[in-house]
Amino acid sequence: MLDVPNHRSAKFITFEGGEGVGKSTQVKRLLANLGQCSVTAVRTREPGGTPKAEAIRSYILQGRSESWGAGAEAVLFAAARLDHVTQLIAPNLAKGTWVISDRFCDSTRAYQGLTGGVDVKLIDALEVLALDGHVPDLTIVLDMDPATAFQRVELRAIEDGLALTGDRFEKEELDWHRRLRDGFLDIARNNPQRCVVLSAEQSEEALAAAIWNVVIARFPQLQVGAGA
Ligand code: Z5A
């Protein structure tokens with residue numbers, strides 16, 4: 001279990017869940033709501049967020065590390081995370097800027113650990129190394145049936161006029177995605193102080209309002225009145 005820190009004035013919030021559940025959409029909406037409260041915040045993502053971490057992202061998502069096995073890939077995700085934490089997350093939090101990340105360490109635990117079969121001791125060790133104490137203050141886990149989430153991803157591809165090629169994780173079978181969903185729910189159950197699970201099977205607006213209610217309840221220093 002990751003202990004939630006409470007000493008920072010700026011907060012670190014992460015979004016987790018399977019593909020197409022609406023993480024990116026809700027990260028943007030939360031940023032807009034924080035802006036209305038005059039909170040300075042940056043949006044980032046994993047894998048990625050810094051030039052070096054983005055280079056690792058392209059390498060992994062193109063499938064170039066797949067043959068290395070899930071353990072080595074967990075190490076690659078951790079290397080990207082270490083750069084992300086030291087170059088972007090820690091400096092922003094230190095200067096009072098909130099950080100909102102689309103995925104973070106729970107994705108390694110769910111994808112490479114609980115679904116990919118990597119030993120929990122390696123996942124734990126990598127987490128300590130890469131986070132360097134920067135545990136999220138709040139993690140929103142967006143939960144929905146993967147089949148419905150895929151319909152959204154398909155629709156997005158049609159709307160964008162793109163072929164649905166999918167990265168290597170999106171190509172996994174539906175059963176695999178159902179195990180992944182259970183993995184995220186397990187993580188939330190094991191970290192009840194940090195994680196809040198919300199159903200993503202509601203309208204974008206309703207979900208944004210539900211997230212905002214969680215955020216203002218968790219961080220009462222925010223000026224209520226703005227938002228969603
Ligand atoms: N990965 C890993 O294995 N280990 C790790 O440690 C880390 C990551 C950090 C990164 O993918 C991959 O890396 C990921 C896990 C692995 N696997 N995959 N695939 P990514 O960042 O490229 O993609 P993603 O995280 O899976 O996100 P996504 O596909 O972009 O989905 P999303 O951000 O959750 O959803 P969205 O883009 O906001 O919304 C999807 C569509 O639905 C879009 O058209 C929206 O307009 C629509 N939408 C959003 N909300 C709604 C609602 N409420 N109703 C209806 N439609 C909606």
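A backbone N or O atom of Gln202 lies 2.9 Å from a nitrogen atom of the ligand, a polar contact in the sense of a pair of N or O atoms within 3.5 Å (within protein, one atom must be able to donate a hydrogen and the other to accept it, and residues adjacent in sequence count only if both atoms are side-chain atoms). The model is predicted: local features need pLDDT of at least 70 and side-chain atom pairs count only at pLDDT 80 or more, whereas totals for chains, interfaces and linings use all residues. Residues are numbered from 1 along each chain as its sequence is written, and side-chain values use heavy atoms, with hydrogens and water left out.

In Arg156, a polar side-chain atom is 2.6 Å from an oxygen atom of the ligand. In Arg152, an N or O atom of the side chain is 3.2 Å from a ligand nitrogen atom.

The shell around the ligand holds 26 residues, of which Ser24, Thr25, Arg103, Thr108 and Arg156 come nearest; a residue is near if one of its heavy atoms lies within 4 Å. By class, the shell has eleven charged, nine polar and six nonpolar residues (Asp, Glu, Lys and Arg count as charged; Ala, Val, Leu, Ile, Met, Phe, Trp, Tyr, Cys and Pro as nonpolar; the others, Gly among them, as polar). Two or more shell residues are given by each of helices H1 (23-36), H2 (51-61), H3 (70-94), H4 (105-115) and H6 (146-159). The largest share, four residues, comes from H4. Helices (H or I, at least four residues) and strands (E, at least two) are DSSP runs numbered from the N terminus.

Arg103 is found in the loop between strand S3 (98-102) and H4. Its phi is near 80 degrees, a positive value in a residue other than glycine. In the loop between strand S2 (41-45) and H2 lies Pro47, which is joined to Glu46 by a cis peptide bond with omega of about -10 degrees.

Axes are lines fitted to C-alpha atoms, for helices over the stretch in contact, and angles run from 0 to 180 degrees between N-to-C directions. The axes of H2 and H3 come within 8 Å and cross at roughly 155 degrees, so H2 and H3 are roughly antiparallel (over 145 degrees; under 35 is roughly parallel, 65 to 115 roughly perpendicular and the rest oblique). H2 passes H3 in a left-handed crossing, the near helix being turned anticlockwise from the far one by less than a right angle, or clockwise if right-handed. For H4 and helix H5 (residues 120-131), the axes come within 11 Å and cross at roughly 160 degrees; H4 and H5 are therefore roughly antiparallel, and their crossing is right-handed. H1 and helix H8 (residues 204-218) pack at about 55 degrees with axes 10 Å apart, which makes H1 oblique to H8. The crossing of H1 and H8 is right-handed.
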